[in-house]
Amino acid sequence: MPRLQELIHALEVGSGARYLRVVALLLAVITIAIFYDLRELQNFRTEEAMDAAQVGRNIAEGRGFTTRYIRPLSMAVIRDHRPDRDPLIKGEHPDLANPPLYPLLIAGVMKIPGLFDHQIPSPKEGQFRRHQPDFLITVLNQAMLFLSIALTWFLARKLFEPKVGLLTALAMLGSEVLWQFSGSGLPTMLCLVLFMLLANILYGLSAGSRRDPIQGLGVAIVLAAIAGLLCAALCLTRYALGVMIIPVVVYLIASFPGRRAILPVVAGVVFLLAISPWLARNWQICGNPFGIAPYSLAQETSQFTDNWLTRSLDADVSKVGRDDIVRKSFLGASQVLREELPQLGGSWLTAFFLAGLLVPFVDRSRAQLRWFTVGALAALSLAQILSRTYLSTDLPRVNSENLLVLMTPMVAMFGMALVWLLVYSLDVFAEAWRSVVLGLVIAVLWFPLVV
């Protein structure tokens, strides 16, 4: 009996209470995921998701990084590069559209024996509602969503305090846009995990330099190398995300002067070394290190509207002049400033993030990471504007060309920090009322998902 009483006491007020709360939170998250999957989940709706999945299946079945979605543009660039003018369509056609990391992840899961069933039942066997591989890939992406939320919570509680971390995690958990991306089959959730790992590494660099500015140089070099590796992983998940190496290098230069000048060099060299093998593979096949991805710069111009360039065997991109690129840039910038940025993450925390830029931080790590966030927003905006194609028109918002959605955790974290500061700066509120106000904030953020 005493042992039972001690156990009950531990679960109520002792060390076990924390684990009990964690278990309750995990059960709540799983319940939300099950409810969302049963009510809202659909089969993949974008050609990008189905394309990445079929490349992953080819890899899992031993056919290499090949595709059965053969674009005329891909045939043309291979034909023009080869001396024998062979477009390589008689056998397995090499995929030149997808970076390798996400299809490799799908292939690794598909390698699990007996897990995937690719058969679609006939009408005689029953009504077809949900493709089993689509659902399993969605579960994989939702697991990465939860991992990105955990990484955001960890960073926010270290950068600010535990309450801000909890509020930020709840805001992300209730983001309808993130749930839509988790069920889309796109590589966005993998990019989100990689981006939050990068943010945690950069914060670790900044915090470590304050604790031990001299003896910590070796650790800082290792962390800078990891940052470069994560930028390479982002590039190998979505080519346009290679621009993230620019704000990372600027962050390292601005934040660690003097002896730390070696850090941006280390990050840049590791980035280039990590992506070089894949770029060499593409160069050998088609003469372009990024496959057919650079042709997106010419798409959605007056010369190549809709998917005409992708369907062309003899596309002359030299017809796209400087004026076409400038016009595409201005139209894209207008759309980003008018629609994408204000709706970032599907909530109004962006407004608090922007307003918070006027509030100076005493803590140097907070200020450095916030300006890194601003630099990353600028870099991703430019990449999204220039790489925009017909895919963004076919399914607005939830597509792989929406790069700004990756900034949702950082923007939510700094925006929520300002909300928390404003609430706790009001002396008229008792502690209970502060909790009520913050609870209402979370309820408003969750409202689109609930509806």
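Predicted model: local features only at pLDDT ≥ 70, side-chain atom pairs only at ≥ 80, totals over all residues.
Which residues of α18 are buried?

**Entry 1: helix α18**

I listed the buried residues of α18 and got Arg 434, Leu 438, Val 441, Ile 442, Leu 445, Trp 446 and Leu 449. An α-helix has 3.6 residues a turn, so residues three or four places apart point the same way. I kept that in mind while reading down the list.

Next I checked the length. The helix covers residues 431–450, and its 20 residues should span 28 Å at 1.5 Å a residue. I found its end C-alpha atoms 27 Å apart, which agrees. I also looked for a bend, and there is a kink of about 30° at Val 444, shortly before the proline Pro 448.

**Entry 2: helix α3**

I moved on to α3, residues 47–60. Its 14 residues reach 20 Å from first C-alpha to last, close to the 20 Å expected at 1.5 Å a residue. Is this helix enclosed or open? Of its 14 residues, 11 are buried, so α3 is largely enclosed by the rest of the structure. Among those buried I noted Glu 48, Asp 51, Gln 54, Val 55 and Asn 58. The cover over the buried residues includes β1 (66–67), α5, α6 (132–159) and α16. Just after the helix, Gly 62 takes a positive phi of about 85°.

**Entry 3: Asp 95**

I then looked up Asp 95, which sits in the loop between β2 (93–94) and α5 (101–110). What is the nearest side chain of opposite charge to Asp 95? I found Arg 71, 4.2 Å away. Asp 95 is buried yet has no salt bridge; the cut-off for one is 4 Å.

I did find a polar atom of the Asp 95 side chain 3.5 Å from the backbone nitrogen of Ala 97. Leaving aside neighbours within four places in sequence, Asp 95 is in contact with Asp 51, Val 55, Phe 65, Thr 66, Thr 67, Arg 71 and Arg 281.

Last, I checked two loop residues. Leu 88 lies in the loop between α4 (72–81) and β2, and has a positive phi of about 60° although it is not a glycine. Leu 88 is partly exposed, with a relative accessible area of 24%.

Arg 397 is in the loop between α16 (390–394) and α17 (408–424). Its phi is near 75°, again positive in a residue other than glycine. Arg 397 is partly exposed, at a relative accessible area of 32%.

Conventions: Residues numbered from 1 in each chain as written. Heavy atoms only, no water. Helix = DSSP H or I, 4+ residues; strand = E, 2+ residues; numbered from the N terminus. Expected span 1.5 Å × (residues − 1). Bend = angle between axes of the 7 residues up to and from the residue. Buried < 20%, exposed > 50% of the residue type's maximum accessible area, 1.4 Å probe, protein only. Lys, Arg positive; Asp, Glu negative; His and termini not counted. Polar contact = N/O pair within 3.5 Å; in protein donor to acceptor, adjacent residues only side chain to side chain. Contact = heavy atoms within 4.5 Å.
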